[in-house]
Amino acid sequence: MTDQILEPGNVVAAGTATTKNDAIKEAGALLVAAGAVTQAYVDSMFDREASVSTYMGNFLAIPHGTNEAKESILHSALSLVRYDTPIDWDGNPVRFAVGIAGLNNEHLAILSKIAIVFSDEDEVQKLIDAGNAGEIYALLEEVNAE
């Protein structure tokens, strides 16, 4: 078992979703496939979205589950899906859906690191311009750094 929160296999350079709901499913499915969460957690991502939009600005949305779904998290993980065509996220353009599952508040540190990267428009542009998932992962590797 690895301590990495963001695994290379959880980064998708060309997502297939065209709607917010499909993007949440896509980000959630990666977390399920990574063994980080159960399907119940993905379902709670929709509950969270219904109560508050997870759009963060600078083409970023961070879909995540509700506090009530914490028992559905098996280990902390991130997924990242990039979209070539922006997705309409409650009227905002999203190019990156970052699915987040955090145990014991580990996700708070993760969130702050993601926020720092995405608050820098030059960094966001590098992520948009990255040629493949490996390049995206390399740009985000500091998310795994302690």
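Two strands count as paired if DSSP finds at least two bridges between them. Helices (H or I, at least four residues) and strands (E, at least two) are DSSP runs, numbered from the N terminus. The model described here is predicted: local features need pLDDT of at least 70, side-chain atom pairs count only at pLDDT 80 or more, and totals for chains, interfaces and linings use all residues. Residues are numbered from 1 along each chain as its sequence is written, and side-chain values use heavy atoms, with hydrogens and water left out.

**The sheet**

Strands of a sheet pair through backbone hydrogen bonds, either parallel or antiparallel. In this model, five strands form an open sheet with mixed pairing, in the order β1-β4-β5-β3-β2. β1 (6-12) and β2 (55-57) are the edge strands, each pairing on one side only. Two of the pairings are set out below.

| Pair | Sense | Bridges | Residues opposite each other |
|---|---|---|---|
| β4 and β5 | antiparallel | nine bridges | L80 and V98 |
| β1 and β4 | parallel | three bridges | V11 and L80 |

Strand β4 covers residues 77-89 and β5 covers residues 92-101. The two form a hairpin with two residues between them, and D90 in the turn has a positive phi of about 55°. D88 has P93 in β5 as its bridge partner.

**The cores**

A nonpolar core is a set of buried Ala, Val, Leu, Ile, Met, Phe, Trp, Tyr and Cys residues joined through side-chain atoms within 4.5 Å. Buried means under 20% relative accessible area, exposed over 50%, and partly exposed in between (1.4 Å probe, protein chains only). The largest core has 22 residues, of which L78, F96, V98, F118 and I136 touch the most other members. Two or more residues come from each of β1, β4, β5, α3 (106-118), α4 and α5 (133-140). Helix α3 gives the most, with four residues. A second, separate core of 21 residues includes A23, Y41, A61 and A69.

**Two single residues**

T54 is in the loop between α2 (39-51) and β2. Is T54 buried or exposed? T54 counts as buried because its relative accessibility is 1%. Leaving aside neighbours within four places in sequence, T54 is in contact (heavy atoms within 4.5 Å) with residues including R48, L60, A61 and W89.

E106, in helix α3, is partly exposed because its relative accessible area is 39%. E106 and A77 are 29 residues apart in sequence, and their C-alpha atoms are 9.4 Å apart in space.
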